[in-house]
Amino acid sequence: MKPTIHDIAKKAGVSATTVSKVINNKGRISEKTRSKIMHIIKELHYQPSILASAMKGKNTFTIGMLIPDMNNPVYSEYLKYIEAYGQELGFNIVMCSTGNNPEKEAKQVNLLRQRHVDGFIIASKFKNEEVLQELIFHNIPLVLFAHERPAYNVDCVTVDDYLGGYKVTEYLLSLGHRRIGIIMEDSPSSLDRLRGYKEALTKSGVKIQEDLIYKSSPTIEGAEEQAKKLLSKKDIPTAVFGCNDVLAIGTMMAAKECGVSIPHDLSIIGFDNTFMCRLVEPQLTSVSMPLEEMGKQAVDLLIEKIKKEQAGVTRQRIIMHPNIVIRQSICEIK
């Protein structure tokens, strides 16, 4: 028979109300009493009924997380840090993949709301504006992760994508590269990275060449197809910036198929610094984001909203700095 809140109260020598306050992290309870109750909860393997809590209008200690693409390993890294920290604070993370599909986005949000999640973390792209506006209108606790929507009053934790694009281009320019291609996708982060790329070129007095800018689907195959077009030019670039690691690795595959040596004939750099960077040959130089800290910030922000501690407070925008992790896919132009 499953232990109840009354079993815990009896063993701890306190009231059921006190146990409830500890479980729900409410009220003023001494650290000694709280520690004793938590020890008994673990000892008895007590699990609160999520459904019962939801029916009573209480927190279910569950966070819904939406990601756009299971095939991009950066999203599994997002989940890893967010889930670890969420569980540390007593929250479970339920992850749903939307496949970059607005209809699926709506379906997954509805599913998670039926499960009475306490709030949402939406990672990277989210195309269904109507659903996003509905969540905001109904004051559903919500944090955007790795992207932002300046038009909406919604909290976000992200990296400075513009700065990342600028740093990548500035780094390539410092190595003597002047003909720098870019493979991007249709996303706010790619657009900001493209802005940084263009600004760095302009600031250095290097002409922006639109014929070196290619837009790809968010897949290795899509990037490979676009990179082949770039590498079929009479005067190919000396370097290519893939706006994420998937796009950069697709570019590497295209280069190898076209007989272009990396990095001697073509330097390649990615963005996200996923585990794939160390699996390819040569290992891929990439831009790293402080994902663990970003995950903690996102969870903290959301829990504050769930507890209504941030009621009436204006939007919080946490922007972190990216850094380049140098490996073997880049070389200097002699």
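Mentor: One definition comes before the tour. A residue is buried under 20% relative accessible area, exposed over 50%, and partly exposed in between. Keep in mind that this is a predicted model.

Start with the sheet. It is open and has six strands, in the order E2-E1-E3-E4-E5-E11, with parallel pairing. The edges are strand E2 (92–97) and strand E11 (317–320). Each has a single partner strand, so one side of each is left without a neighbour in the sheet. From one strand to the next, the twist averages 15°.

Now look inside the sheet. Strand E1 (residues 62–67) runs parallel to E3, and four bridges join them. Take Leu66 as an example: its bridge partner in E3 is Ile122. Helix H7 (residues 129–137) lies across E3 and E4. That helix runs at about 140° to E4.

Next, the packing. In soluble globular proteins, nonpolar side chains tend to be buried together. Here the largest nonpolar core has 73 residues. Met65, Tyr78, Ile121 and Phe145 touch the most other members. Helix H12 (residues 291–306) supplies the largest share of this core, eight residues.

Zoom in on Ile121. Leave aside residues up to four places away in sequence. Ile121 then touches Ile63, Gly64, Met65 and Leu66, among others. Its contacts also include Ile82, Val143 and Phe145.

His116 sits in the loop between helix H6 (102–114) and strand E3 (119–123). Its phi is near 60°, a positive value in a residue other than glycine. With a relative accessible area of 37%, His116 is partly exposed. Ala146 belongs to the loop between strand E4 (142–145) and strand E5 (155–159). Phi is positive there too, near 65°, and Ala146 is not glycine. Ala146 counts as buried, at 8% relative accessibility.

Move on to helix H8 (residues 161–174), where Glu170 is found. Glu170 has a relative accessible area of 44%. That lies between 20% and 50%, so Glu170 is partly exposed. Ala200 is 30 residues away from Glu170 along the chain. Yet the C-alpha atoms of the two are separated by 5.9 Å.

E9 and E10 run parallel, joined by three bridges. Phe271 has Val287 as its bridge partner in E10. Three bridges also join E10 to strand E12 (residues 323–325), but this pair runs antiparallel. There, Ser286 has Val325 in E12 as its bridge partner.

One joins Ile262 and Pro263, with omega about 5°. Pro263 is in the loop between helix H11 (245–257) and strand E9 (267–271). The other joins Glu281 and Pro282, with omega about -5°. Pro282 lies in the loop between E9 and strand E10 (285–288).

Terms used. Residues are numbered from 1 along each chain as its sequence is written. This is a predicted model: local features need pLDDT of at least 70, side-chain atom pairs count only at pLDDT 80 or more; totals for chains, interfaces and linings use all residues. Side-chain values use heavy atoms; hydrogens and water are left out. A nonpolar core is a set of buried Ala, Val, Leu, Ile, Met, Phe, Trp, Tyr and Cys residues joined through side-chain atoms within 4.5 Å. Buried means under 20% relative accessible area, exposed over 50%, partly exposed in between (1.4 Å probe, protein chains only). Helices (H or I, at least four residues) and strands (E, at least two) are DSSP runs, numbered from the N terminus. Contact means heavy atoms within 4.5 Å. Two strands pair if DSSP finds at least two bridges between them. Axes are lines fitted to C-alpha atoms, for helices over the stretch in contact, and angles run from 0 to 180 degrees between N-to-C directions.
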